[in-house]
Amino acid sequence: QVQLVESGGGLVQPGGSLRLSCTVSGNLFSIYAMGWYRQAPGNQRDLVATVSGIHATKYADSVKGRFTISRDNAKSTLYLQMNSLKPEDTAVYYCNKLSPAWSWGQGTQVTVSS
């Protein structure tokens, strides 16, 4: 059973930065493309960034140029560097592999507000 543990969220002012981390248990991390997802209240969970096993990245238009996804396969850890944060980035952020996903972790809350 793979376990996902997200961390690094918090309250930040507009224009600020945060770095999220996600540790993945077991030894399957390196072989799968991974993604960061987010879910705002009342909304569906959306995919915002992906990184392949060979570090190729893709981003949703809403975060392109502001967010950077990366991975450390040796540490089984996924990262999301978020810069120039906006109030509309407020959401619970989750990591997971691309579909079909593993069981979801608890996520980490990001709140962008002045």
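Is Ser21 buried or exposed? I looked it up: Ser21 counts as buried, at 18% relative accessibility. I use buried for under 20% relative accessible area, exposed for over 50% and partly exposed for in between, with a 1.4 Å probe and protein chains only.

A note on the ground rules. This is a predicted model, in which local features need pLDDT of at least 70 and side-chain atom pairs count only at pLDDT 80 or more, while totals for chains, interfaces and linings use all residues. Residues are numbered from 1 along each chain as its sequence is written, and side-chain values use heavy atoms, with hydrogens and water left out.

**Entry: around Ser21**

I placed Ser21 in strand E3 (residues 18-24). Strands here are DSSP runs of at least two residues, labelled E, and helices are runs of at least four, labelled H or I; both are numbered from the N terminus. Leaving aside residues up to four places away in sequence, I found Ser21 touching Val5, Glu6, Ser7, Trp36, Thr77, Leu78 and Tyr79. Contact here means heavy atoms within 4.5 Å.

**Entry: the sheet**

Next I traced an open sheet of 6 strands, with mixed pairing and the order E2-E10-E9-E4-E5-E6. Two strands pair if DSSP finds at least two bridges between them. At the edges I noted E2 (10-12) and E6 (57-59), each of which pairs on one side only. From one strand to the next, the twist averages 25°; the axes are lines fitted to C-alpha atoms, for helices over the stretch in contact, and angles run from 0 to 180 degrees between N-to-C directions. E9 and E10 run antiparallel and are joined by 3 bridges. I also saw Ala91 standing opposite Val110 in E10.

**Entry: aromatic rings**

I counted 3 aromatic pairs. Rings of Phe, Tyr and Trp (its six-membered ring) pair if their centres lie within 6.5 Å; planes under 30 degrees apart are stacked, over 60 edge-to-face and the rest tilted. Tyr37 is buried at 11%, whereas Trp104 is partly exposed at 34%.

Tyr94 and Trp104 are also edge-to-face, 5.9 Å centre to centre and 80° between the planes. Tyr94 lies in E9 and Trp104 in the loop between E9 and E10, so this pair ties together parts 10 residues apart in sequence. I logged Tyr37, Tyr94 and Trp104 as one aromatic cluster. Arg45 lies over the face of Tyr94, 4.2 Å from the ring centre. For that, NZ of Lys or CZ of Arg must be within 6 Å of the ring centre and within 35 degrees of the ring normal.

**Entry: salt bridges**

Which residues are linked in a network of salt bridges? I found Arg38, Arg66 and Asp89. A salt bridge is a side-chain nitrogen of Lys or Arg within 4 Å of a carboxyl oxygen of Asp or Glu. Asp89 meets Arg38 at 2.9 Å and Arg66 at 2.7 Å. Asp89 is buried at 0%, Arg38 at 12% and Arg66 at 10%. I also noted a salt bridge between Asp61 and Lys64, at 3.1 Å; Asp61 counts as exposed, at 68%.
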